[in-house]
Amino acid sequence: MELRFVSEKTINGISTRTNNAAEMSPNGKIPALWQSFDESISVDYKGGERVYGAYYNYESDHNGMFTVLAGFDGQSYPSNIDIEQITIPEGKYLVFTHKGEMPQIAIDAWTEVWEYFSNENCEHQRLFSTDFEYYPNGNEIEVHIAVQ
């Protein structure tokens, strides 16, 4: 993991509201959200577009409700889809990077996030403002967690 300063970034996508308890059960909404995104939005990877997952509108901490947006940094999408646009704010983010096969790398990255922040002696304090996943390619994930 490494600490990075990230510039503001606007992404477009589709979202749902959920919480971690629901996502740890068979009733999680995030897999269906990503499936819907993959089926309805064509990302121009060769043209430089990249995929993001944003986590924001935190009700409280890791126990509360939050919004998840499956999105990308492109501007072209079907008109019959209700697209939401959000801006990832600039700031300091602790970045957890994993390479390998999806979805295992996402699971591994978030496991590392939970383990790091559950340690009472961790160096950084999580803000619970806006966090995001960035997918540089099909077998790599960078989970960015906003910190003070």
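**View 1. Aromatic pairs across the model.** In this predicted model, the count of aromatic pairs comes to 14. A pair of aromatic rings is described by the distance of the centres and the angle of the planes, and the next views give both values for two of the pairs.

**View 2. Tyr 55 and Phe 66, a tilted pair.** Here the ring centres of Tyr 55 and Phe 66 are 6.1 Å apart, and the planes make an angle of 50 degrees. Tyr 55 belongs to strand β3 (residues 51–56) and Phe 66 to strand β4 (residues 65–72), so their pairing ties together parts that are 11 residues apart in sequence. Tyr 55 is buried, at 7% relative accessibility, and Phe 66 is buried too, with a relative accessible area of 3%.

**View 3. Tyr 93 and Phe 132, an edge-to-face pair.** The centres of these two rings, Tyr 93 and Phe 132, lie 5.3 Å apart; with planes at 75 degrees, the pair is edge-to-face, because an angle over 60 degrees counts as such. On one side sits strand β6 (residues 91–99), which holds Tyr 93, and on the other strand β7 (residues 131–137), which holds Phe 132, so the pair links parts that are 39 residues apart in sequence.

**View 4. A cluster of rings.** Have a look at Tyr 55 and Phe 66 again: ring pairs link both of them with Tyr 58, Trp 110, Trp 114 and Phe 128 into a cluster.

Definitions and conventions
Residues are numbered from 1 along each chain as its sequence is written. This is a predicted model: local features need pLDDT of at least 70, side-chain atom pairs count only at pLDDT 80 or more; totals for chains, interfaces and linings use all residues. Side-chain values use heavy atoms; hydrogens and water are left out. Rings of Phe, Tyr and Trp (its six-membered ring) pair if their centres lie within 6.5 Å; planes under 30 degrees apart count as stacked, over 60 as edge-to-face and the rest as tilted. Helices (H or I, at least four residues) and strands (E, at least two) are DSSP runs, numbered from the N terminus. Buried means under 20% relative accessible area, exposed over 50%, partly exposed in between (1.4 Å probe, protein chains only).
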